[in-house]
Amino acid sequence: MNTTVTLKKGLFGRLNLRQKTILIICLTSLLLFVIVISSLVLGGESLPTNFGFKNLAPSLEHPFGTDWMGRDMFIRTLEGLGLSIIIGAIASTFSTILAMILGLLSSAGKKTDSFVSWLVDLFLSIPHLLLIILISIGLGGGAFGVIVGVALTHWTSLTRVVRAEIKQLKTQEYVHVSGNLGKSRWWIATKHIFPHLIPQILLGTILMFPHAILHEASVTFLGFGLSPHEPAIGIILSESMKYLSAGYWWLAFFPGLALLIVVLLFDMIGDNLGRLMDPKSAHE
Amino acid sequence: MLLKGENIRFSYKGDDWVLKDVDISLKSGEVLGLIGDSGSGKSTLCKILSGYENNYQGNVSIDGKEIGKKGYNPVQLVFQHPEKAVNPKWKMKDILNEGHDVSQDILDSFGIKQAWFNRWPNELSGGELQRFALARALSPKTRFLIADEITTMVDTVTQAQIWNTVLDVAEEQNTGVLVVSHDKNLIKHLCHDTIHLDDINNV
């Protein structure tokens, strides 16, 4: 009995649920921030190639090992993750803007609503990856192609959420009461409806991140995305495939694991933010 | 002033009338009871009178004039479930003063405490929320108050308190009140006059 009590009292013992949630959000955001900043700082200098150190197993000096050109895999992974997060951020932001515009459009009238629904169904009926590859190739590949490809394919689910949320809010009694109290449509939209949309939009954006990052990595892995000289995770993984049979497991293992952790971190931030912003659980 | 509903017909679907040729009128300062069985269309009638439901046939007017869609509606409806009638993301003081700045007298007579102002709606009970909803609706600009089962969720003592306050304020402001309830004893106790929806509804 005693041990379980002391365990619970350990690191987070004195904090309540809300403080714990905020702490988790801060720590995970800090970690992601550090990854992006360090990749930007490191990106300035090219990685030294040293064939004396090629294909070294993980050690204290090279925690993720080195690759076939003797480059440090830890630094390559860091740069790749930073690039992935930046691309994910740009793509998610554009997707969110698209989703908001289309969500608002669908609440304007019946015709625009059915048009938006049709557009959502159209985009959902084509597999994501295929569409991203098509758009990316069509725009000449590279970071620009991938960003546009991801941005143009990830707005659908958030648009549906925004559309449904507005529809549901419009039938709420307090919205009718507000109208009866003499408030204008614009006033109701900004004061009653918009505050309910903010958490949905914010969460939607953050939860879009992992999708965007994974899609970017997979398109690059398949060779349709970023060009091979860029330090992308997808490039690292596809290169490492050639060396797996030679027993150089660390080339794929650590970058893959790092990608997974980054994706999970974003998911964690999303979930915890959601818990904070939901009014029913926010004031516990 | 006279709130009048004439030949009101309403149906959700085709010829399946919920309300058929209903006539109802309510004078300023009058307290009128409305009784009817479940499903007899009480709430629908309330919504039509206060402009919440627009797909009806017939006429609703005040002194012969139609009620404008824009601006403050002189006919205010208070619902059975106050927790649905408040925005869960607003603090109580914003909810209270959405229509007008509620006077201290009304707050005192409803027993609304200053300490509740900075709380969120989910931190108050149903009875407390209903007081806010009533205070919000009882602006001096409100000529008619439609009270649709407003005290069903509270105990008898609180019920008496709330109704005493509502009727006091209504008398002071010369507001007409339509009391809608299942409870025949309550209506007999409160109202000058009572109508049965089943009698005036020709379904």
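This is a predicted model: local features need pLDDT of at least 70, side-chain atom pairs count only at pLDDT 80 or more; totals for chains, interfaces and linings use all residues.
The crossing of helix 5 of chain A and helix 9 of chain A is right-handed, a term applied when the near helix is turned clockwise from the far one, left-handed being anticlockwise by less than a right angle. Residues are numbered from 1 along each chain as its sequence is written, while chains are lettered from A and ligands numbered from 1 in the order in which they are written.

The axes of helix 5 (residues 128–138) and helix 9 of chain A come within 10 Å and cross at roughly 65 degrees. Axes are lines fitted to C-alpha atoms, for helices over the stretch in contact, with angles from 0 to 180 degrees between N-to-C directions. Helix 5 of chain A contributes A:His128, A:Leu129, A:Ile132, A:Ile133 and A:Ser136 to the contact, and helix 9 of chain A contributes A:His215, A:Ser218 and A:Val219; two residues are in contact if their C-beta atoms, placed from the backbone, lie within 7 Å. By class, this contact has four nonpolar, four polar and no charged residues (Ala, Val, Leu, Ile, Met, Phe, Trp, Tyr, Cys and Pro count as nonpolar, Asp, Glu, Lys and Arg as charged, and the others, Gly among them, as polar).

Chain A has 12 helices and zero strands, where helices (H or I, at least four residues) and strands (E, at least two) are DSSP runs numbered from the N terminus. The C-alpha trace of chain A spans about 80 × 65 × 30 Å along its principal axes. Of the 284 residues of chain A, 33% count as buried, that is, with 20 or more other C-beta atoms within 10 Å of their own, against 12 or fewer for exposed and values in between for partly exposed, C-beta atoms being placed from the backbone.

The contact between the chains takes 14 residues from chain A and 19 residues from chain B. On the side of chain A, two or more residues come from each of helix 8 (173–180), helix 9 (185–221) and helix 12 (279–282). Helix 8 of chain A gives the most, with six residues.

In chain B, four strands form an open antiparallel sheet in the order 2-1-4-5; strands pair if DSSP finds at least two bridges between them. Strand 2 (17–27) and strand 5 (65–66) of chain B are the edge strands, each pairing on one side only. Helix 1 (residues 42–49) of chain B packs on this sheet, touching strand 1, strand 2 and strand 4 (57–62), and its direction makes about 125 degrees with that of strand 1 of chain B. Eight of the eight residues of helix 1 of chain B are buried, so this helix is largely enclosed by the rest of the structure. Seven bridges join strand 1 (residues 2–11) to strand 2 of chain B, and B:Phe10 has B:Leu19 as its bridge partner in strand 2.

The model scores ipTM 0.86 and pTM 0.75. Chain A has a mean pLDDT of 83, pLDDT being the predictor's confidence in each residue, from 0 to 100. Confidence in chain A is lowest in helix 1 (residues 2–9), at a mean of 49, and highest in helix 4 (residues 110–125), at 91. Over residues 1–7 of chain A the pLDDT is below 50, and this stretch has zero contacts in the model beyond near neighbours in sequence. Chain B averages a pLDDT of 88, with 100% of the residues scoring at least 70.
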